[in-house]
Amino acid sequence: MAKIDTKKMTFKVFRFNSETDFLPYYKNYVLDVRPEDMVLDVLDRIKWEKDGTFSYRRSCRHGICGSCAVKVNGKATLACKDRVSDLVEIFGEDLVIEPQDKGRTIKDMVIDKGTFWDKYNMVQPYLVADIDEAPKAENLVSIAEVEKIDEADYCIQCGNCYYSCPSVNVNEGYLGPAALAIAYRFNADVRDNASEERLDIVNNLGTGIWDCVKCFECAEACPKELDPIGKITKLHLQTFDDDMAENNVATRHAYGFKPSIEKHGLLDEGELVKYSEGIPGVLKHVPVAYKMWKKGKIVMPWKMPKSKNLDEITKLVKIASTTKFED
Ligand code: SF4
Ligand code: SF4
Ligand code: FES
């Protein structure tokens, strides 16, 4: 019989039982790892061979149910989809396995996802339509209309994007990337009748699309590669297209790129701040602006260069601009 090629590895694993432990701790488990082993194989074998009290969620083992999400060395991971050997390539052999959010741990890898689900449910993550219960023909949707939904339909609600999002970390009220991506998915569905209600919900300052800082962590974390930040950007555009964008600091910041590019063919950071936050905003940012200027990252307003292709860029901006926002 062919010998199975295994490698001895030590995994440092987060342990905590919220009912009995005062503080969490880490425990090391030594396992013989096969080249094809997934992180889920490691979790299974810790439970089956080392400690039956170890807890984690899993169900489908095929990247469908979204329940096995954990973090490995801080990286959002879907345990049944991510291979140990690939993680070793990134981090080396010292792997630390932790729950998605240590502050919400119920037991070991099992966290309380209540807030995640509450926010998800807030955006009506389902089709709202008047259904004819006895239709005479199929309700056909064209390929072009289906394509607008994009891959937003592939979300498995694993929460990897949500628990990697820095905005969620500092702002409990922020709906987060998963809820916003699914809001886009149903708003883009031609059969749906609730897109205005959803835009009303996601358009609020402090909780909605304008509180995304565009860091792309969610895109990095998503095991389905559905690009939540891309969907958030499409919701931004929907608020402009549907005349629902209010004139506030966030929408002015989104829109403010246009006048700067029209004028210089380049982005003038100072002008963008002035456009979105006014003179008080400019004064507030003077210390940071000074540091940026010292490092050559920005220039003084009177030294702002112009692109040599300015005429062409101005024409392109005019053709491409579809927003109805009043500046
Ligand atoms: S891009 Fe936006 S939604 Fe995505 S992780 Fe960053 S702040 Fe959160
Ligand atoms: S958008 Fe991606 S990362 Fe976020 S919950 Fe859905 S599948 Fe998971
Ligand atoms: S067990 Fe279902 S996604 Fe991993």
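Colleague: What classes of residue make up the lining of the largest pocket?
Modeller: By class, the lining has 29 nonpolar, ten polar and nine charged residues. Nonpolar covers Ala, Val, Leu, Ile, Met, Phe, Trp, Tyr, Cys and Pro; charged covers Asp, Glu, Lys and Arg; the others, Gly among them, are polar. This is a predicted model, where local features need pLDDT of at least 70 and side-chain atom pairs pLDDT 80 or more, while totals for chains, interfaces and linings use all residues. Residues are numbered from 1 along each chain, ligands are numbered from 1 in the order written, and side-chain values use heavy atoms, without hydrogens and water.

Colleague: Why is it called a pocket?
Modeller: Because it is an open set of points on a 1 Å grid over the protein atoms alone, where a 1.4 Å probe fits, with protein on both sides within 12 Å along at least five of seven lines. Lining residues have an atom within 4 Å of a point. Of the 48 lining residues, His253, Phe257, Glu269, Leu272 and Val273 lie nearest the centre.

Colleague: Which helix gives the most to this lining?
Modeller: H12, with nine residues. H12 spans 269-284, and a helix is a DSSP run (H or I) of at least four residues.

Colleague: What surrounds ligand 2?
Modeller: The shell includes Cys155, Ile156, Ala178 and Pro228; each of its residues has a heavy atom within 4 Å of the ligand. By class, nine are nonpolar, three polar and none charged.

Colleague: What does Leu180 touch?
Modeller: Its contacts (heavy atoms within 4.5 Å) include Tyr174, Val202 and Leu235, not counting residues up to four places away in sequence.

How values were computed. Helices (H or I, at least four residues) and strands (E, at least two) are DSSP runs, numbered from the N terminus.
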